[in-house]
Amino acid sequence: MATETSLKNATRMTEKDHEHLGQLIDQIRHLLEKHSAVAKETATAMETLRRHVASHFAMEEESPLFRDTGDQAAWFRQPVKQLLQQHRTLRDQAAQLAEWASRQQPLPEGWAEFAVRFSQFGQDLLDHEHSEIEIFQRAYNEDIGTKD
Ligand SMILES: [Fe+2]
């Protein structure tokens with residue numbers, strides 16, 4: 001038969017356990033809020049990158065380095081054609097990633113996929129910019145056939 005003391009003890013233990021459950025729920029709520037804030041921030045940053053990639057490529061394509069004057073050396077024309085093709089691909093990929101991030105998939109596996117795709121995109125973009133610089137540096141040092 002339960003005494004007053006044992007009932008008091010049981011109540012205290014139950015309350016303590018409730019408190020612990022409440023803390024665990026708060027912890028998960030907090031993590032979900034943090035995740036949602038990070039998802040939102042990532043989407044905003046990805047949209048900024050998409051815009052910057054688009055305006056960067058547009059600026060480059062307007063420059064004399066990309067304009068085909070028809071009298072450039074063959075070694076220069078082919079890589080420039082490739083760079084322009086990469087611009088199209090990278091611009092599309094940036095738009096897809098920004099669109100995907102703006103939907104802010106709440107599931108961790110969704111973001112894991114985004115991270116993999118973004119990592120590849122980032123590497124491709126840096127590789128592209130690196131080849132661009134190499135080609136243009138070579139163009140500064142060699143005659144590419146333009147009249148300037
Ligand atoms: Fe560039």
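Helices (H or I, at least four residues) and strands (E, at least two) are DSSP runs, numbered from the N terminus. With that in hand, I counted three helices and zero strands in the protein. Along the sequence I read the pattern α-α-α.

I number residues from 1 along each chain as its sequence is written. The model is predicted, so local features need pLDDT of at least 70 and side-chain atom pairs count only at pLDDT 80 or more, while totals for chains, interfaces and linings use all residues.

**Overall shape**

I checked the radius of gyration, taken over C-alpha atoms, against the globule rule of 2.2 Å times the number of residues to the power 0.38. The protein has 28 Å, whereas a compact globule of 148 residues would have a value near 15 Å. Along the principal axes, the C-alpha atoms fill a box of roughly 105 × 20 × 20 Å.

Next came burial: a residue is buried if 20 or more other C-beta atoms lie within 10 Å of its own, exposed if 12 or fewer, and partly exposed in between, with C-beta atoms placed from the backbone.

For contacts, I used pairs whose C-beta atoms, placed from the backbone, lie within 7 Å. Of the contacts with a separation of 6 or more, 84% are between residues 24 or more positions apart.

**H1 and H2**

How do the axes of H1 and H2 cross? Axes are lines fitted to C-alpha atoms, for helices over the stretch in contact, and angles run from 0 to 180 degrees between N-to-C directions. The axes of H1 (residues 4-62) and H2 (residues 74-102) come within 8 Å and cross at roughly 160°. That makes H1 roughly antiparallel to H2 (under 35 degrees is roughly parallel, over 145 roughly antiparallel, 65 to 115 roughly perpendicular, the rest oblique).

I then listed who meets whom: residues in H1 including Met46, Leu49, Val53 and Phe57 meet residues in H2 including Leu90, Ala94, Leu97 and Ala101. By class, this contact has 12 nonpolar, three polar and four charged residues. Here Ala, Val, Leu, Ile, Met, Phe, Trp, Tyr, Cys and Pro count as nonpolar, Asp, Glu, Lys and Arg as charged, and the others, Gly among them, as polar.

I picked Leu125 in helix H3 (residues 108-141). Leu125 is partly exposed because it has 17 C-beta neighbours inside 10 Å. Its C-alpha atom is 9.9 Å from that of Thr89, 36 residues away along the chain.

Gln120 is also in H3. Is Gln120 buried or exposed? Gln120 is exposed, with 11 other C-beta atoms within 10 Å. From Gln120 to His20, 100 residues apart along the chain, I got 43 Å between C-alpha atoms.

Last, I found Ile133 in H3. Ile133 is exposed, as 10 other C-beta atoms lie within 10 Å. Ile133 and Asp17 are 116 residues apart in sequence and 63 Å apart in space, C-alpha to C-alpha.

Notes
Two residues are in contact if their C-beta atoms, placed from the backbone, lie within 7 Å.
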